[in-house]
Amino acid sequence: MTDLDTVLFANLLSPCTLVEWARMTRQVRGITLPYDFSRSGISMVHIRLNKTMFRLEAKEEIWGTVLHEMLHGYLDLTTGWASLRVPHHGGLFERSCEAMVRRPGLKGFEVRHVV
Ligand SMILES: [Zn+2]
């Protein structure tokens, strides 16, 4: 995640993110929640990832989930309070996914919706 933070988020996430691999219900792959607040907005986020994925999911699915939650964290941290008011996966999230996929220039890396 540190390398992904460097390449995709200019090291913004690492000092402001608490990452936890936890046992969660099978339907939930991950969740990102505000963890600490300052006057200007969210100052720290908590990314919880389901460690059940290690047994059940292909590595590409795990990477996709990690990136998905990192993007939530990034938008939470950089949009102030706005991230709490916009729909969970609104237009900004969608555009950011497209940009994030183009950035590393890896073949076969794509944006898709997962239910
Ligand atoms: Zn999401």
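Is the crossing of H3 and H5 left-handed or right-handed? In this predicted model, in which local features need pLDDT of at least 70 and side-chain atom pairs count only at pLDDT 80 or more, totals for chains, interfaces and linings use all residues. Residues are numbered from 1 along each chain as its sequence is written, and side-chain values use heavy atoms, with hydrogens and water left out.

The crossing of H3 and H5 is right-handed; a crossing is given this name if the near helix is turned clockwise from the far one by less than a right angle, and is left-handed if anticlockwise. Helices (H or I, at least four residues) and strands (E, at least two) are DSSP runs, numbered from the N terminus. H3 and helix H5 (residues 91-102) pack at an angle of about 125°, and their axes are 11 Å apart. Here axes are lines fitted to C-alpha atoms, for helices over the stretch in contact, and angles run from 0 to 180 degrees between N-to-C directions. H3 and H5 are therefore oblique to each other, given that angles under 35 degrees count as roughly parallel, over 145 as roughly antiparallel, 65 to 115 as roughly perpendicular and the rest as oblique. On the H3 side, Leu67, His68, Leu71, His72 and Leu75 meet Leu92, Phe93, Ser96, Cys97 and Met100 of H5, with contact meaning heavy atoms within 4.5 Å.

Turning to the strands, S2 (residues 30-38) and S3 (residues 41-50) pair in the antiparallel sense over eight bridges; two strands pair if DSSP finds at least two bridges between them. Two residues separate S2 and S3, which form a hairpin. Within this pairing, Leu33 has His46 of S3 as its bridge partner.

Salt bridges come next. A search of the whole structure finds three of them, each being a side-chain nitrogen of Lys or Arg within 4 Å of a carboxyl oxygen of Asp or Glu. In one, the side chains of Arg48 and Glu20 meet at 3.1 Å, N to O. This pair links distant parts of the chain, with Arg48 in strand S3 and Glu20 in strand S1, 28 residues apart. Arg48 is partly exposed at a relative accessible area of 25%, and Glu20 is partly exposed at 30% (buried means under 20% relative accessible area, exposed over 50%, partly exposed in between, with a 1.4 Å probe and protein chains only).

Arg29 takes part in a salt bridge with Glu57 (3.5 Å, N to O). That pair also joins distant parts of the chain: Glu57 is in the loop between helix H2 (53-56) and helix H3 (59-78), and Arg29 is in the loop between S1 and S2, 28 residues apart. Arg29 also forms a salt bridge with Glu61, the closest N and O atoms being 3.1 Å apart. Glu61 lies in helix H3, 32 residues from Arg29. Glu61 is buried, at 18% relative accessible area, whereas Glu57 is partly exposed at 27% and Arg29 is partly exposed at 23%.

The loop between helix H1 (2-9) and strand S1 (17-22) holds Ala10, and Asn11 lies in the loop between H1 and S1 as well. Although not a glycine, Ala10 has a positive phi of about 50°. Asn11, also not a glycine, has a positive phi of about 60°. Ala10 counts as exposed at 65% relative accessibility, while Asn11 is partly exposed, with a relative accessible area of 40%.
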